[in-house]
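Trainee: Can we go through this one together? I'd like to start with the strands.

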Amino acid sequence: MSYEGDMLKKLAMPTKQDVEKVLLKTLFKHNGIIKEFSSGEEIVEEIADLFLLNEEQRKVVLERIYKKENRIVKTPLWHRLLYRAADSLAKEKLVTRPTTTIQLTNRKEWMLTENGYDKALRLLDIPFERKEVLPVKSFEVQKLIKRMTEMSAPENYDPIDNKKVIKTTSKEASIRSRGFRQIVLESYDCKCCICGLKIKSPDSLYWEVEAAHIVPHTRNGKDDVWNGLALCRLHHWAFDVGWFSITDDFKIIVSDFSKNIPDDYGKIGSYDFFKDGLVENKPVFLPANSYISPHKKAIQWHRENIFYR
Ligand SMILES: [Zn+2]
């Protein structure tokens, strides 16, 4: 047995396979991204805590002698084990290496791939359908988002995707719809653009706000940021059924039908959905980058096809 193998055994360190599994689960918990081990001390400690490693196991240093160069390289054994496990995951294409991820995020991080994400779901016994609403990032989805944010708003934009009927594979469709969801939620800071509500689940996995299509999915609306709005569930519903729409200068317009509804409709205690929740002419909260604001062609379509005047 090698000197390193000897030390791993003597100190009863976890096996590489066990570290690989825990790494995938930790990546999932950290929304798909963790720092490179040399710079992310807290991650190194967090994973060590999961294995209940003692002080010696965390601190012991491996000395390797490079005879040719006549130098000794010292590396903490635990760091090396983590790196070797992550390296195996990268070889299996379950994560991307910091040298690859940096080209996408400008940071040296390990990131889940789509396959790694699926494996983490299996390990955690989470149904695959949840993937659509979880905030976990994958390299493929981030690549798509980067492409979208680098494009400028098209002049002649058509919010309807006529080719959408000829469906791509479900994997591609899933990457596209998650890319849409993430770019919309991030651009709007996870707030409803009408009421400003921002809230997530106690376990931090689910945001209340939804990425709404302006031209709906059912009408072949595109999965891009110019056809998207971040809306809380109540405003999403009201937008989809045509209770309100948005003007070309991004102000709220409310359907005249709201003047003719029974007195007890739209009330939550003293809160009146039509007076307090939908204020005529109130500006909509928009992303900081104006080039990812909704496209006029999309909101025009909504006013003409969904909104009840
Ligand atoms: Zn809202």
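Trainee: How many bridges join strand S1 to S5?
Mentor: 3 bridges join S5 to S1, residues 33–35, and the two run antiparallel. Strands here are DSSP runs of type E with at least two residues, helices are H or I runs of at least four, and both are numbered from the N terminus. Two strands pair if DSSP finds at least two bridges between them.

Trainee: What should I know about the model itself?
Mentor: It is a predicted model, where local features need pLDDT of at least 70 and side-chain atom pairs count only at pLDDT 80 or more, while totals for chains, interfaces and linings use all residues. Residues are numbered from 1 along each chain as its sequence is written.

Trainee: Back to S5. Which residue there is the bridge partner of Ile33?
Mentor: Met111 is the partner of Ile33. Met111 is also the bridge partner of Thr96. S4 and S5 run antiparallel too, joined by 2 bridges.

Trainee: What strand order does that sheet have?
Mentor: The order is S1-S5-S4, in an open sheet of 3 strands with antiparallel pairing.

Trainee: Are the S5 side residues buried or exposed?
Mentor: Buried. Glu109 and Met111 point one way, and Trp110 and Leu112 point the other way. Buried means 20 or more other C-beta atoms within 10 Å of the residue's own; exposed means 12 or fewer, and partly exposed is in between, with C-beta atoms placed from the backbone.

Trainee: New topic. What about helix H8, how many residues?
Mentor: H8 covers residues 139–150, so count 12 residues. From first C-alpha to last, H8 reaches 16 Å, close to the 16 Å expected at 1.5 Å a residue. The expected span is 1.5 Å times one less than the number of residues.

Trainee: Which H8 residues are buried?
Mentor: Phe139, Glu140, Val141, Gln142, Leu144 and Ile145.

Trainee: And what covers them?
Mentor: The cover includes strands S4 and S5, plus helices H6 (98–105), H7 (114–124) and H9 (170–187).

Trainee: Zoom out. What domains is the chain divided into?
Mentor: Domain 1 is 3–96 and domain 2 is 143–305. Those bounds come from an automatic or database domain assignment. The C-alpha centres of the two domains lie 43 Å apart.

Trainee: What's the radius of gyration?
Mentor: The chain has 25 Å, whereas a compact globule of 309 residues would have one near 19 Å. The radius is taken over C-alpha atoms, and the globule rule is 2.2 Å times the number of residues to the power 0.38. The C-alpha atoms fill a box of roughly 85 × 45 × 30 Å along the principal axes.

Trainee: Which residues touch the most others in the largest nonpolar core?
Mentor: Val184, Cys192, Cys193, Ala230 and Leu231, in a core of 33 residues. A nonpolar core is a set of buried Ala, Val, Leu, Ile, Met, Phe, Trp, Tyr and Cys residues joined through C-beta atoms within 7 Å. Elements giving two or more residues to this core include H8, H9, S7 (228–231) and H12 (296–305). Another core of 25 residues lies apart from it, with Val19, Ala85, Leu89 and Leu112 among its members.

Trainee: What does Leu231 touch?
Mentor: Among its contacts are Cys192, Cys193, Ile194, His236 and Phe239, leaving out residues up to four places away in sequence. Two residues are in contact if their C-beta atoms, placed from the backbone, lie within 7 Å.

Trainee: Which way do the S7 residues point?
Mentor: Leu229 and Leu231 point one way, Gly228 and Ala230 the other, and all are buried. S7 runs antiparallel to S6, with 4 bridges between them. His213 stands opposite Gly228.

Trainee: Last one. Where does Asn220 lie?
Mentor: In the loop between S6 and S7. Asn220 has a positive phi of about 65°, although it is not a glycine. Most residues other than glycine have a negative phi.

Trainee: Why does Asn220 count as partly exposed?
Mentor: Because it has 15 C-beta neighbours inside 10 Å.
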